[in-house]
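Please read the points below alongside the structure.

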Amino acid sequence: MLTRKQLWRAARDALLYVSLCTVTFIVCFPLIWALSTSLKPKSEIFATPPTLVPRTLTFENYEALLTGRQQYYHSGPQTAPSGPTPAQFFTRWFVNSVIVTAGSTLISIVISTLAAYSLTRFRYWGRSVVPYFSLLGYMVPSIIFVFPLFLMMVRLELTDSLWSLIFGYVSITLPFCMWLMWAFMRSIPIEIEEAALIDGASRYQVFRQVVLPTALPGIIAASIFAMIVSWNDYLFGRVFINSLDNLTLTVGVMLFFEGTHVDWGLLMAASVLMTVPMAILFMALQRHLVAGFGAGAVKG
Amino acid sequence: MRRLHALLSSDRAVGLLFIAPFVVTAIVFMVYPVVEAIRMAFYSYNPLRPDLSAFVGIANFEFLFSDPLFWDSLWQATVWTLLSILFQTILGVGIAMLLHRALFGMAFFRGLLLFPYIVPTVVIALIWRWIFNPEIGVVNYSLLASGIIREPVYWLSTPTMAMASTIMLNVWKYTPFVVICVLARLQTVPLELYDAAKVDGAGFIRRFIDVTLPQLREVLIVVIVFRTIWTFNKFEEIYLLTKGGPGTSTFNLAVYSFEQSMASLRLGVGAATGVVMMIMLLIGSIVYLRITKFGEEVR
Amino acid sequence: MRVKDQHTNKAGLGRREFLGGTAALGLGASGLFGSKSALAQSTKTGTVRVWGEPGPYGGVGVAAMNEWAQKNAPGLKFEIETIPWDNVYVKLMTDLAAKRPPSLISVESPIAMQMMAEGLLLPVDDLVEKIGRNRLVDGVKWDYWGNWKGKQYVIPAHHQPHLLLVRMDIVKELGLKDPDTWDWNDLLNAAKTISEKKQGMAGFCMALGRNLCTDYHFAALLHSAGGRMYDPSNKYEVMFDSPQTVEALNFVKELRPYMPKGAVEYSFLQVVDAHVTGQTAMSFYWGRTLGRAAEEAKPVFEATEAFNHAKHPKTGRRNNWNDFQGWCIPAQNNPFIEEVKQALVYQQTSKEWLIKYCHSLMPNVAPTYKDIADAPELKNHPFYQSKSKTVDTYFKASLAHSSSTANELLQGPNPLAGYVHGRSILAQTVQKVVIDNMKPEDAAKWGARELEAIRKENARLLG
């Protein structure tokens with residue numbers, strides 16, 4: 001026999017679950033719907049009433065993207081190759097995105113870790129200014145400096161190369177990686193290092209064997225944010241890259257949307273595929289993410 | 001060689017060596033572009049004819065301040081920022097309160113609710129255009145089928161609805177940010193405070209106002225200042241969904257700057273807009289520093 | 001784009017000029033160059049970037065060039081990048097400013113003329129001779145595509161007018177007159193009648209968004225009313241603040257209630273969509289709508305015919321906006337100039353490839369050369385049987401009413417048009433009226449001010 005209090009509590013929990021489920025459904029609905037659309041054949045995409053769970057399951061959209069299926073226009077008796085369609089470049093763009101994301105994150109993390117260590121462990125002129133500077137730096141929106149940076153890339157002859165994007169993303173991600181690493185390093189007690197130093201270890205040994213392992217959670221958090229920012233960027237990719245071969249996913253996928261025909265199934269499949277890598281990262285490293293937010297140093 | 005080694009192992013040298021890559025990168029890829037942006041604000045610059053660029057004094061700023069579209073963009077950016085932040089804060093706190101329970105499966109919900117934050121803006125914009133399509137979109141279908149509306153809603157075709165749609169997108173994507181920050185803070189609120197309030201006979205709402213809110217005050221202020229600065233200057237969320245339309249009804253300063261630079265080939269005017277944005281940002285940052293008393297913490 | 005060998009091959013031009021003369025006759029020019037010219041092969045390697053519109057024809061053009069490359073420059077591969085219309089200006093700016101232009105561009109005349117006046121293009125008079133100066137179809141001139149200060153900068157790819165597409169099944173059902181006889185009032189009445197009598201169907205659709213499509217659609221109305229943006233004969237003075245502009249704006253305003261509700265954000269894609277999915281009975285559009293309808297909605301395709309635009313009641317003009325689309329070659333930072341020239345001549349003198357080009361999206365891209373337009377092989381397409389009048393209207397009958405923003409009322413080239421479209425001035429003027437409810441008189445004044453600003457900023461182009 002349940003007491004009134006237990007009943008009351010059960011009812012409250014049930015209500016809580018219901019509201020949580022509702023909120024979660026609303027939040028996730030756009031993504032669920034995208035997934036559902038991407039798995040439907042063309043005829044079902046426009047069916048009324050629309051179906052949430054595809055009646056006929058098809059992977060043709062994913063196949064088209066991953067195998068780069070050539071598309072044709074049918075005009076009377078002749079089929080003309082449509083010229084390169086975005087689908088044919090999808091895998092290439094995916095690889096490009098991975099390269100620039102990994103490259104810029106690596107550079108940002110290495111530089112910011114070294115710098116944060118230096119700032120928190122050594123005394124020299126200006127060391128208290130740098131964090132201020134970073135703070136300001138990561139508030140500056142990229143639209144302000146995208147064109148000067150672009151003109152600089154032109155002078156360095158780096159446009160239309162993945163390097164331009166790697167450096168570009170370093171300029172966006174470095175300030176907040178710096179800020180986050182600095183906040184993290186500051187919270188690591190100095191005593192362990194001092195003990196190691198007294199025991200005769202060199203600075204480098206201490207850095208490698210003591211500091212880096214302790215700073216790892218901070219490094220992971222900063223990397224996730226750097227990766228999200230680089231992977232999701234549209235503006236730099238749009239401005240810096242000229243040829244189809246060197247585009248990244250975000251800019252490339254927008255090309256699906258223009259012209260006089262939109263293949264929603266293909267577009268949604270592309271959307272799903274470009275969300276997946278970040279989703280996996282996110283799932284795997286979620287708890288570090290919260291640590292990063294805690295440091296108050298998140299770009300978004 | 002030995003000398004070099006000695007130098008490298010001296011503390012000061014190691015410190016400078018470690019900070020050097022940051023300083024170099026920051027100067028080349030952060031300071032220089034921003035300085036250059038400020039310089040460009042005083043030049044006329046047609047990217048098709050860089051050879052014709054010339055110093056024009058404050059002409060670009062005069063152009064800005066006499067362009068009604070600039071003022072419209074400023075006003076629209078303000079509206080979009082305030083409403084976005086308002087909804088993000090309310091929803092963010094609400095969801096955080098829901099999630100702040102030691103119930104079974106909470107980690108699962110937490111994961112899903114934070115998900116939008118990592119979804120690329122391009123993807124959201126495309127999905128938005130698909131589900132909010134007035135004729136074939138699922139949102140209109142559901143609303144019509146359930147009898148909530150009689151006529152399809154044109155989500156992106158009237159100035160008001162387009163603004164509402166971009167705000168919805170922004171709220172959807174960035175509410176998780178607020179949730180995470182608030183949740184992190186909630187977890188540090190001492191439970192005794194609630195127990196004391198309960199003993200005093202305070203109900204749920206009273207407890208929220210008397211105990212929770214004061215505890216959240218600090219983190220909320222920080223979050224709001226941060227989000228205001230970023231939301232005000234957002235480019236992709238608007239550009240990818242509406243391109244600033246219909247008309248110019250969802251222009252903000254970032255879209256205005258982009259359009260002036262690219263479509264109108266007036267990089268100077270675009271840069272001048274950037275300078276205005278930077279000044280406002282500086283004000284925002286000073287507010288932030290004041291609030292968090294950042295300077296006092298530095299050892 | 002990597003150039004491993006900068007060595008340029010200039011041999012064999014004398015012989016090619018001779019062959020060009022043969023091609024000018026327009027008889028069986030197909031494959032002439034590839035098979036007979038004994039050129040030393042170009043040894044360059046890499047990808048030759050070519051810009052084209054979204055659509056299959058650019059791909060066909062490039063396929064022809066690749067056929068040339070196979071024989072004459074085996075290390076080269078021509079690759080088409082289709083640039084969506086609304087992206088052209090961003091792409092133009094970033095690629096040219098980055099000093100990485102494509103090696104060949106297929107683009108509508110306002111942009112071609114803007115680039116040519118800026119000195120960014122290579123003069124191509126030598127190619128005109130090889131292709132054949134006297135081949136153009138009746139009713140057009142070389143300068144419609146791009147001629148500046150006596151030099152030709154653009155080689156015609158196709159001409160492409162937007163016309164009035166009408167669902168004849170609806171017209172018959174409601175007992176409306178033959179659309180060929182309509183003036184503006186008849187068009188308005190037809191739109192009204194259809195909207196009122198057909199459930200869930202708009203009477204008429206044009207683009208009203210802040211984009212290129214709206215610019216082009218509105219330009220046709222402006223020109224039919226006898227209005228203009230600039231006067232090339234009088235130092236390009238701005239003519240936009242005129243009763244004609246107001247009239248055209250008023251007409252859009254009157255049509256607005258009979259258009260789909262979302263039209264204020266429509267661009268190219270959505271106008272085609274609206275017609276193909278049966279949301280509208282009439283629309284302004286190029287031939288592409290028919291191509292898409294044939295693929296996706298047979299009944300719509302069968303019922304749709306194209307007409308020259310409704311007459312303006314006073315002027316009697318029925319102007320369309322014709323995209324005199326041409327090939328042009330960026331002059332700077334272009335590592336493949338010689339190869340592109342040869343490949344272009346090869347494509348332009350191959351009857352087989354030019355017909356394939358037109359056939360790839362019927363009846364959107366109209367032939368520009370007499371020998372192609374009159375070739376029996378061109379008729380070898382099912383649309384020619386089922387829709388011969390519509391195809392002929394697009395290909396030939398429309399030319400008598402052609403106009404363009406880059407050559408308004410065909411009274412002279414105007415290099416400012418590119419800037420006008422880049423900033424969507426016409427579209428914004430229309431939007432002031434249909435979204436902001438501004439008085440057409442004031443909107444015309446606003447537009448005129450913007451046009452004047454463009455004229456002032458770019459005075460250097462006009463001198």
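In this predicted model, His159(C) is located in the loop that joins strand E6 (155-158) and strand E7 (163-167) of chain C.

**Surroundings of His159(C)**
- His159(C) is buried, because 27 other C-beta atoms lie within 10 Å, and the cut-off for a buried residue is 20 or more.
- Beyond neighbours within four places in sequence, His159(C) has contacts with Val140(C), Asn322(C), Phe324(C), Ala366(C) and Thr368(C).
- Ser233(C) is 74 residues from His159(C) along the chain, and their C-alpha atoms are separated by 25 Å.

**Contact between chains A and B**
- Chain A contributes 74 residues to the contact and chain B contributes 69 residues.
- Helices of chain A that each supply at least two residues to the side touching chain B include H1 (4-38), H4 (86-121), H7 (162-187), H9 (203-232) and H12 (264-294).
- H12(A) gives the most to this side of chain A, with 14 residues.
- By class, the side of chain A that touches chain B comprises 53 nonpolar, 18 polar and three charged residues.

**Confidence of chain B**
- Chain B has a mean pLDDT of 87, with 94% of its residues at 70 or more.
- Among the elements of chain B, helix H3 (residues 59-66) has the highest mean pLDDT (96) and helix H14 (residues 294-297) the lowest (48).
- Residues 295-299 of chain B have pLDDT below 50, and this stretch has two contacts in the model beyond near neighbours in sequence.
- Where pLDDT is low, predicted coordinates should not be read in detail.

Methods: Residues are numbered from 1 along each chain as its sequence is written. Chains are lettered from A and ligands numbered from 1 in the order in which they are written. This is a predicted model: local features need pLDDT of at least 70, side-chain atom pairs count only at pLDDT 80 or more; totals for chains, interfaces and linings use all residues. Helices (H or I, at least four residues) and strands (E, at least two) are DSSP runs, numbered from the N terminus. A residue is buried if 20 or more other C-beta atoms lie within 10 Å of its own, exposed if 12 or fewer, and partly exposed in between; C-beta atoms are placed from the backbone. Two residues are in contact if their C-beta atoms, placed from the backbone, lie within 7 Å. Ala, Val, Leu, Ile, Met, Phe, Trp, Tyr, Cys and Pro count as nonpolar, Asp, Glu, Lys and Arg as charged, and the others, Gly among them, as polar. pLDDT is the predictor's confidence in each residue, from 0 to 100.
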